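Take a walk through this model, one element at a time. Start with a helix, move on to the sheet, and finish with the charged side chains.

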Amino acid sequence: MTIIKKADFIDSIADSLQYISCYHPLDFVDAVYAAYQREKNPAAKDAIGQILINSRMCAIGRRPVCQDTGIVTAFVKIGMNCRFDTDMTIQEMVDEGVRRAYCDPHNPLRKSVVVGPATERRNSRDNTPAIVYTELVEGNGCEVLIAAKGGGSENKSKSVMLNPSDSIVEWARKTVPIMGAGWCPPGILGIGIGGTIDKAMVLAKESLMEPVNIHELIARGPADKLEELRLEIFQAVNDLGIGAQGLGGLTTVVDVKIRDYPTHAASLPVAMIPNCAAARHTHFRLDGQGPAVFTPPPISAWPEIALEGGGDVRRVRLDGLTKADIASWKAGETLLVSGKILTGRDAAHRRIQQLAAEGKPLPEGVDFNGRFIYYVGPVDPVGDEVVGPAGPTTSTRMDKYTPMMLEQFGLLGMIGKAERGDAAIASIKQHGAVYLMAVGGAAYLVSKAIKKSRTVAFADLGMEAIYEFEVEDMPVTVAVDSSGEAVHKTGPAFWCQEIQKMKA
């Protein structure tokens with residue numbers, strides 16, 4: 001009988017979460033680098049390059065690869081000949097490990113979990129509780145598969161009850177474009193098939209813990225029908241031309257993982273969960289001999305690449321800009337922006353809306369007139385950092401506030417991640433505003449462009465407070481210009497056609 005000590009289990013949970021916050025799995029790095037080398041769209045290639053540079057920087061600096069350090073999911077598989085020397089439940093021990101990892105002063109991770117999801121949505125302040133699945137299995141040890149899943153990708157999860165004769169490939173082909181780019185492609189699709197609909201979702205989530213190996217499958221050929229299905233979905237999704245960050249390109253997914261389970265004869269439950277460019281997961285095994293050990297890979301395992309800053313890159317001062325100035329910016333253009341910007345996410349926008357409805361003024365120091373807002377919730381800084389990793393959040397969540405911000409508060413432009421909805425694009429065009437896109441998955445790299453930071457309002461919201469950043473040469477792409485042209489519409493459409501020409 002193997003005895004696993006409480007301290008060993010908790011320490012292993014905490015250490016694993018700190019580890020995956022900073023170090024990409026090398027199989028994912030290799031797959032993304034291969035995509036970088038293949039990519040033909042310069043904008044998509046630049047986005048992938050930023051993701052790879054950010055990954056290497058985080059490995060060197062031991063800082064989070066993304067500002068959204070996720071909600072924790074743990075699959076705990078306990079051997080039948082194993083027991084725990086503890087007065088805590090498995091859930092309590094996992095939560096204690098999460099608490100220690102996310103509150104570690106040497107590398108604090110962003111606390112994103114809120115309690116009362118349909119009511120007060122109060123931040124738990126320690127990122128607990130985790131989502132824990134336990135299973136009794138054969139053996140005398142304990143295996144843990146653990147992931148920290150960002151909200152941008154988790155929010156794009158889909159499920160469906162198909163008829164047994166329906167095509168899963170066709171469903172995936174139709175569904176992935178609906179997901180948009182808020183899940184930060186290139187990434188991985190986890191697909192669960194069978195069981196009941198809830199079982200299919202769990203299968204999809206667990207499949208994301210598997211290694212990236214579709215290149216090996218392509219090389220040797222499929223050995224069974226399920227591997228054939230992986231390849232069909234992989235090809236179908238990449239043929240869509242969505243590309244990195246939704247800008248259009250050759251690679252949307254670097255792998256497709258599938259797990260299945262027997263189901264009712266009348267049913268075909270299917271779930272699809274994307275894993276973003278952060279891809280935080282690992283697994284470890286405890287055998288009673290102490291906590292798990294996580295050894296960082298050598299930095300030489302990361303490719304050394306440099307972004308190609310072409311002559312068409314425009315440097316822009318944001319302070320004092322007018323609508324006439326931004327009218328010359330064109331969709332797809334690369335900018336290096338400098339100056340002062342305000343930040344704001346869901347909670348801040350909601351409070352602004354409440355103040356407006358009540359006829360109350362904005363807090364002192366908050367003036368959006370003629371300014372840009374950055375949709376971000378940064379990680380706390382350490383050492384001499386001005387701010388921790390500070391990549392963009394999914395912009396579509398702010399779409400419903402966009403008309404208010406442009407009409408009532410005179411906002412000039414927005415910076416965020418992924419596409420905007422049709423109504424938001426129409427409002428941007430109507431007001432002669434602009435939407436700029438920063439690369440999701442390059443949070444530490446982006447943070448280096450932030451030279452000053454101060455909290456301006458709503459400090460009680462933590463990472464969702466309104467900050468003022470002073471940035472210098474922050475790389476962005478004009479995603480929606482003042483005429484309403486949107487690269488997330490034109491890019492994938494163009495590259496879908498180009499891919500078909502290449503295949504022909």
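**From helix to sheet to charges**

The buried residues of helix 2 are Phe-28, Val-29, Ala-31, Val-32, Ala-35 and Tyr-36. Buried means under 20% relative accessible area, exposed means over 50%, and partly exposed lies in between (1.4 Å probe, protein chains only). Seen down the axis of helix 2, these residues fall within an arc of 165°, so they line one face of the helix. The arc is that of the directions from the helix axis to the C-beta atoms.

This is a predicted model: local features need pLDDT of at least 70, side-chain atom pairs count only at pLDDT 80 or more, and totals for chains, interfaces and linings use all residues. Residues are numbered from 1 along each chain as its sequence is written, and side-chain values use heavy atoms, with hydrogens and water left out. Helices (H or I, at least four residues) and strands (E, at least two) are DSSP runs, numbered from the N terminus.

Helix 2 covers residues 26-38. At 1.5 Å a residue, its 13 residues should span 18 Å, and its end C-alpha atoms are 18 Å apart, which agrees. The expected span is 1.5 Å times one less than the number of residues. What covers the buried residues of helix 2? Helix 3 (42-61), strand 9 and strand 10 are among the elements that do. Contact here means heavy atoms within 4.5 Å.

Now look at strand 9 (residues 187-195). Of its 9 residues, 9 are buried, so strand 9 is largely enclosed by the rest of the structure. Two strands pair if DSSP finds at least two bridges between them. Strand 9 runs parallel to strand 10 (residues 253-263), joined by 9 bridges. Gly-194 stands opposite Tyr-261 in that strand 10 pairing. With strand 11 (residues 268-275), strand 9 runs antiparallel, through 6 bridges. There, Ile-191 stands opposite Met-272.

Turn last to the charges. The structure holds 32 salt bridges, each a side-chain nitrogen of Lys or Arg within 4 Å of a carboxyl oxygen of Asp or Glu. Asp-255 and Lys-257 form one of them, at 3.2 Å from N to O, and both residues are buried. Arg-220 and Glu-227 form another, with the closest N and O atoms 2.9 Å apart.

Glu-498 bridges to Lys-501, the closest N and O atoms being 3.3 Å apart. Glu-498 and Lys-501 are 3 residues apart in helix 15 (residues 487-503), so about one helical turn separates them. Lys-501 is exposed, at 57%. Finally, a network of salt bridges links Asp-11, Glu-96, Arg-99, Arg-100 and Asp-126.
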